[in-house]
Each structure stands twice: as structure tokens, then as C-alpha cells.
Amino acid sequence: METQEFIIVTGLSGAGKSQAMKCLEDLDYFCVDNLPPALIPKFAELCRSSSHNRLALGMDVRGRSFFPDFKEALNQLPPLGFVPKIFFFEASQAVLLRRYSETRRRHPLAGAGAIVQAIQEEVRKLAEFRTMAFRLVDTSD
């Protein structure tokens, strides 16, 4: 069975994940954003039986209730012919704060609280996924 490309784009909100997904789409990857991890193996099976052999999946903290299933889903991919590579996007806190102030978008964890605390909480929640990364991409500069 031929091994197919499967990239997972994750990381901190505001660090450039959406731009990375757009670039991958331009490079002819079949891209899906925020698929619940329990559906990742099914997604891979469906794509394996189609003409799509370059897949990219965007995952972020918005899917936080699904994160416990993420590692199990990744373990199911190699038998299906996919070796997932995680690209973790990050930026300094100062840069993320500037980006949020420029776009006026709300951080997904901010709620009614301060954005600094939301960024710090996100760093804590994603720490395990950062250690699993194939590549760390710092977009601060």
C-alpha cells in the first residue's frame, strides 16, 4: 500500500494556521478545517479510496472537547497508509496580541476575559500537541 501525505496544521490562534491551510490548498492538498478527531480515520479512508492522496487537516483549540480522541485517531492512520505530520504554528505573545488588536477578532478562549490569559491558557492546552510536532513554525517575524 502506498503511503499518502497527511499534514495536520495546528497551533496557537493568530499564528497563521489559516494562511498555511490556504497555501496547502494552493499546493493541491485536500484541506478540511476542524474535523472532530474521531472522524479523522473515516476521512482518511474516504480519501484513500478517491483520487486525493495529499491531505491537510486544520485543528485548533476550538475543538477542545474532542482533543482526548486526537492521539487515538492519529494511531489509526498508519494502517490506512497515512503517516501524519503535525505542523505546529506559534508566535510570541506580543505578536499574537498585536495581531488580535489589528484584526479585532476575539480569541476563541477569551470569552469575557482578557486576551493575555486566553493566550496563556491556549499555550497550556496545546503543550502536548506541540511536543508531537514534526515541525514547529514560529511566525513572530
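**Figure 1. Contacts across the sequence in the predicted protein chain.** Among contacts (heavy atoms within 4.5 Å) in this predicted protein chain between residues at least 6 apart in sequence, 77% join residues at least 24 apart. This is a predicted model, in which local features need pLDDT of at least 70 and side-chain atom pairs count only at pLDDT 80 or more, while totals for chains, interfaces and linings use all residues. Residues are numbered from 1 along each chain as its sequence is written, and side-chain values use heavy atoms, with hydrogens and water left out.

**Figure 2. Order of the helices and strands.** The protein chain has 5 helices and 5 strands, where helices (H or I, at least four residues) and strands (E, at least two) are DSSP runs numbered from the N terminus. Read from the N terminus, the elements follow the order β-α-β-α-β-α-β-α-α-β. The radius of gyration of the protein chain, taken over C-alpha atoms, is 15 Å, close to the 14 Å that the globule rule (2.2 Å times the number of residues to the power 0.38) gives for 141 residues, so the chain is as compact as a globular protein of that length. Along the principal axes, the C-alpha atoms of the protein chain fill a box of roughly 50 × 30 × 20 Å.

Figure 3. With a relative accessible area of 18%, Ser140 is buried, a word used here for under 20% relative accessible area, whereas exposed stands for over 50% and partly exposed for values in between (1.4 Å probe, protein chains only). The side chain of Ser140 makes a polar contact with the side chain of Asp138 at 2.6 Å; a polar contact is a pair of N or O atoms within 3.5 Å, of which, within protein, one must be able to donate a hydrogen and the other to accept it, and residues adjacent in sequence count only if both atoms are side-chain atoms. A polar atom of the Ser140 side chain also lies 2.7 Å from the backbone nitrogen of Ser92. Not counting residues up to four places away in sequence, Ser140 touches Glu90, Ala91, Ser92, Val95 and Arg99.

Figure 4. Met132 is partly exposed, with a relative accessible area of 29%. When residues up to four places away in sequence are not counted, Met132 touches Phe70, Lys71, Leu74 and Ile86. Met132 and Phe88 are 44 residues apart along the chain, and their C-alpha atoms are separated by 8.8 Å.
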